[in-house]
Each structure stands twice: as C-alpha cells, then as structure tokens.
Amino acid sequence: MKKLVFVCSLTIISTVSFATELFQTVTDFQRFYTYYYLNPQREKVIPSIDYYVESKLYERIKSRTPIAHFYASILRFDNEHLLDLIEWQSQAGTMNSRGFTIEILVIVNTDVSTGLVQKYRKSWSDEAVQERIAVIENASRDDIMARAPKSMEDLDNIWSIFFATGSEEAVEKVASILYLRKRGKGADIMLGEGAYWSLLSNAKQHGKVLKILKSEVKRAKGVGKRELEEVIRSASRN
C-alpha cells in the first residue's frame with residue numbers, strides 16, 4: 001500500500017510540474033486551446049485542465065462552459081483519458097477542478113461519462129462540489145450541435161468545439177444563422193451580427209475556417225449566401 005501511495009504522489013507531482021512547464025502564461029494556454037485541432041496532443045489535456053482551473057481565466061465565469069465544451073469534444077470518444085482524468089481528480093483534485101471535471105463529463109453525455117458522474121458525486125462529498133453538480137446537470141444536457149444557435153453563448157460553445165476538433169459542422173452551424181443579420185428581428189439581429197463577426201475573426205486566424213466557408217458558399221442561397229460572400233471577401237483581404 002505504501003508503494004502505491006508513493007507512486008501516486010510521484011504522478012501528482014509530475015502532472016503539476018508538467019502543467020507549469022507547458023503553460024507559463026495565459027497566452028500559452030490560449031494558444032493550446034485555440035489551435036488544438038491542428039496538432040492534437042492528448043498528453044497535454046489533463047495538465048492543461050490543471051492549469052486552467054488555477055488561472056485567471058477560470059475566474060471569468062463565462063469562460064467555463066465554452067472551455068468545458070472544448071474538453072468534452074476531445075474526450076467524448078476517449079474513455080481511457082476520461083478515466084485518467086477522474087483518477088487524477090480523485091488523487092489531487094480541488095473543489096474547482098472537480099467541479100469543472102463534472103461539467104465536462106455532463107457535456108460528454110455518454111453512458112460512460114454519466115456513470116462516472118453518478119459514481120463520483122457520492123465519493124466527492126464536498127458540499128460545494130455537490131452544489132456545482134446539481135447546477136451543472138440542470139444546465140448542460142442540451143446538445144448544441146443538434147439545433148441552431150440561439151445565443152452568443154451557443155456561438156462561443158460551438159467555436160470551442162471547432163478549436164478542439166476542426167469540425168466542419170461547427171463552422172457550418174455558425175454560418176447557418178448569418179441571414180439573421182439582415183432578416184432577423186429584435187435580439188436575433190444581434191445574434192446574426194455575432195455569427196458574422198465570429199466567422200470573420202476566425203476565418204482570418206484559421207485557414208481551415210476560410211476554406212470551409214468557401215465550400216459552404218457554393219451551397220448557400222439568398223441573404224445567407226450574400227453574407228457569406230462578404231465574410232469571405234473581408235477575411236481574404238487580411
């Protein structure tokens with residue numbers, strides 16, 4: 001037993017040290033997050049979570065759900081790393097990291113992740129974690145890729161999925177509501193504006209986004225097509 005504890009301690013120290021080496025600044029983490037799909041490195045995923053929950057980024061509450069979608073997209077079909085993440089949290093997790101891990105598991109929403117939520121909601125008995133679990137479960141069951149975006153938060157979550165996977169569907173999902181910029185009413189106009197500016201910004205940063213839009217415009221019609229053409233022209237100039 002003593003030997004097992006010693007090995008676990010070395011693992012904890014190693015993971016913490018690795019996180020510090022990988023992400024010395026918030027900019028390092030943001031680069032990892034924004035361009036993960038270009039060079040997926042699973043060995044950095046758990047250390048990056050450790051860094052994020054202790055960083056100033058985590059203090060920005062609105063960052064949490066998009067970044068949880070990022071990790072959920074990476075881990076959805078990777079049960080081995082999901083179990084590694086849970087093992088790490090059981091050994092050395094904090095209230096923040098355990099609560100964030102539960103949010104990731106709830107968004108993953110597979111039989112495996114649901115079973116892990118039910119198991120660890122019992123063993124992670126911290127009152128604050130239990131409260132987080134209740135809030136997260138009520139808020140995170142919605143599959144944003146199964147419907148049209150309804151809010152700016154949806155757009156942030158969808159872009160996080162793209163950053164994790166390079167998903168063409170994610171880009172197409174945002175492009176599908178561009179028409180609201182000219183044909184929407186009330187708050188929908190602002191949602192269309194959000195889609196426009198997020199597509200333009202990401203098309204400038206990510207060659208793959210621009211390539212997807214150039215393919216999508218061939219199928220688009222009407223107002224949506226004209227809006228896509230404007231995004232492509234503006235992104236191509238820069």
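This is a predicted model: local features need pLDDT of at least 70, side-chain atom pairs count only at pLDDT 80 or more; totals for chains, interfaces and linings use all residues.

Visitor: How many aromatic pairs are there, and by which rule are they counted?

Guide: Rings of Phe, Tyr and Trp (its six-membered ring) pair if their centres lie within 6.5 Å; planes under 30 degrees apart count as stacked, over 60 as edge-to-face and the rest as tilted. Residues are numbered from 1 along each chain as its sequence is written, and side-chain values use heavy atoms, with hydrogens and water left out.

Visitor: Are Phe-23 and Phe-32 buried or exposed?

Guide: Buried means under 20% relative accessible area, exposed over 50%, and partly exposed in between (1.4 Å probe, protein chains only). Phe-23 has a relative accessibility of 4% and therefore counts as buried. Phe-32, with a relative accessible area of 10%, is buried. Another edge-to-face aromatic pair is formed by Tyr-33 and Phe-163, with 5.3 Å from centre to centre and 80° between the planes.

Visitor: Which helices hold Tyr-33 and Phe-163?

Guide: Helices (H or I, at least four residues) and strands (E, at least two) are DSSP runs, numbered from the N terminus. Tyr-33 belongs to helix α2 (residues 26-34) and Phe-163 to helix α10 (residues 152-165), so their pair ties together parts that are 130 residues apart in sequence. Tyr-33 and Phe-163 are both buried. Over the chain, the secondary structure amounts to 15 helices and zero strands.

Visitor: What covers the buried residues of α2?

Guide: Contact means heavy atoms within 4.5 Å. The buried residues in α2 are Phe-29, Phe-32, Tyr-33 and Thr-34. Their cover includes α3 (45-53), α4 (56-59), α5 (64-75), α10 and α13 (187-205). Helix α3 is itself mostly covered, with nine of its nine residues buried; among them are Pro-47, Asp-50 and Tyr-52.

Visitor: Which rings have a charge over them?

Guide: A charge sits over a ring if NZ of Lys or CZ of Arg is within 6 Å of the ring centre and within 35 degrees of the ring normal. The charged end of Arg-64 is placed over the ring of Tyr-58, 3.9 Å from its centre. Likewise, Arg-181 lies over the face of Tyr-196, 3.8 Å from the ring centre. Tyr-196 is also in contact with Ser-234, as are Leu-200 and Lys-204, leaving aside neighbours of Ser-234 within four places in sequence. Ser-234 lies in helix α15 (residues 222-236) and is buried, with a relative accessible area of 12%.

Visitor: Which residues touch the most other members of the largest nonpolar core?

Guide: In soluble globular proteins, nonpolar side chains tend to be buried together. A nonpolar core is a set of buried Ala, Val, Leu, Ile, Met, Phe, Trp, Tyr and Cys residues joined through side-chain atoms within 4.5 Å. The largest such core has 69 residues, of which Phe-29, Tyr-71, Phe-100 and Leu-213 touch the most other members. Beyond its neighbours within four places in sequence, Leu-213 has contacts that include Val-171, Leu-199 and Ile-232.

Visitor: Where is Asn-109, and what is its phi?

Guide: Most residues other than glycine have a negative phi. Asn-109 has a phi near 55°, a positive value in a residue other than glycine. Asn-109 is located in the loop between α7 (95-108) and α8 (111-123), and is partly exposed at a relative accessible area of 41%.

Visitor: What is the pLDDT of the chain on average?

Guide: The pLDDT is the predictor's confidence in each residue, from 0 to 100. Its average over the chain is 86, and 85% of the residues score at least 70. For residues 1-16 the pLDDT is below 50, and this stretch has 10 contacts in the model beyond near neighbours in sequence.
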